[in-house]
Amino acid sequence: MVFHKINVTINGGLEQVVVPSNMTLMQMLRESLALTGTKNGCSAGECGACTVMLNGEPVNSCMVLAVECDGAKIVSVEGLEADKQLAPIQEVIIEAGGVQCGFCTPGILISSRAFLDRNPNPTDEEIREALVGNLCRCTGYVRIVEAVKKAAGIKMVATPVASD
Ligand code: FES
Ligand code: FES
């Protein structure tokens, strides 16, 4: 097995991590850095539970090798809050009842945040399209879409994420 030393900025902090060639970004976050907010739903790029931001774009972290992230900026769900305050998107998804078991929630929060950064005034259809890669098997999507719409309305995009 070949190991690599990589430097990554994770939630605003620089980390040096030694990773094997076949380790995924998801495994690095969960196993090497104890950032277990990123969930493993399928390990196959199908469910979106492992979504994180990689250089500002949402990606399925189970589909990205850790070694590819040398020099990158990663934001996981742990990086959304600021000064120990939940980000508005986190507040509103709770208020809207958009969380049941919560397994999909970290991925949905990251995808929503990345989407609202690009489109601060979305339609319901655009929100649904943005979240098409994030599967929720218990809450359904009505309340999640409602939460994203509400977050857009309170200009949550003004809140910096840890990588900003
Ligand atoms: S765990 Fe990565 S897409 Fe399901
Ligand atoms: S809240 Fe359970 S999978 Fe979405």
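Among contacts (heavy atoms within 4.5 Å) that join residues at least 6 apart in the sequence of this predicted protein model, 55% link residues at least 24 apart. Because the model is predicted, local features require pLDDT of at least 70 and side-chain atom pairs count only at pLDDT 80 or more, whereas totals for chains, interfaces and linings use all residues. Residues are numbered from 1 along each chain as its sequence is written, chains are lettered from A and ligands numbered from 1 in the order in which they are written, and side-chain values use heavy atoms, with hydrogens and water left out.

The secondary structure comprises five helices and five strands, taken as DSSP runs numbered from the N terminus (helices, H or I, at least four residues; strands, E, at least two). From the N terminus on, these elements follow the order β-β-α-β-β-β-α-α-α-α. The radius of gyration, taken over C-alpha atoms, is 15 Å, close to the 15 Å that the globule rule (2.2 Å times the number of residues to the power 0.38) gives for 164 residues, so the protein is as compact as a globular protein of that length. The C-alpha trace spans about 45 × 30 × 25 Å along its principal axes.

Of the 164 residues, 46% count as buried, a class defined by under 20% relative accessible area, with exposed meaning over 50% and partly exposed lying in between (1.4 Å probe, protein chains only). A nonpolar core is a set of buried Ala, Val, Leu, Ile, Met, Phe, Trp, Tyr and Cys residues joined through side-chain atoms within 4.5 Å. In the largest such core, of 25 residues, those touching the most other members are L80, I89, I108, L109, L116, I127 and V148. The elements contributing two or more residues to this core are α2 (88–95), α3 (105–118) and α5 (142–153). Apart from this core lies another, of 19 residues, including M28, V59, A66 and A72.

When neighbours within four places in sequence are left aside, V148 is in contact with I89, S112, L116, I127 and L131. Within α2, the residues P88, I89, Q90, V92 and I93 are buried, and the cover over the buried residues of this helix includes α3 and α5. Just after α2, G97 adopts a positive phi of about 70°.

Positive phi values also occur at residues that are not glycine, including A34, at about 55°, and D83, at about 50°. A34 lies in the loop between α1 (25–32) and β3 (51–54) and, at 57% relative accessibility, counts as exposed. D83 is found in the loop between β5 (73–75) and α2, and its relative accessibility of 74% likewise places D83 in the exposed class.
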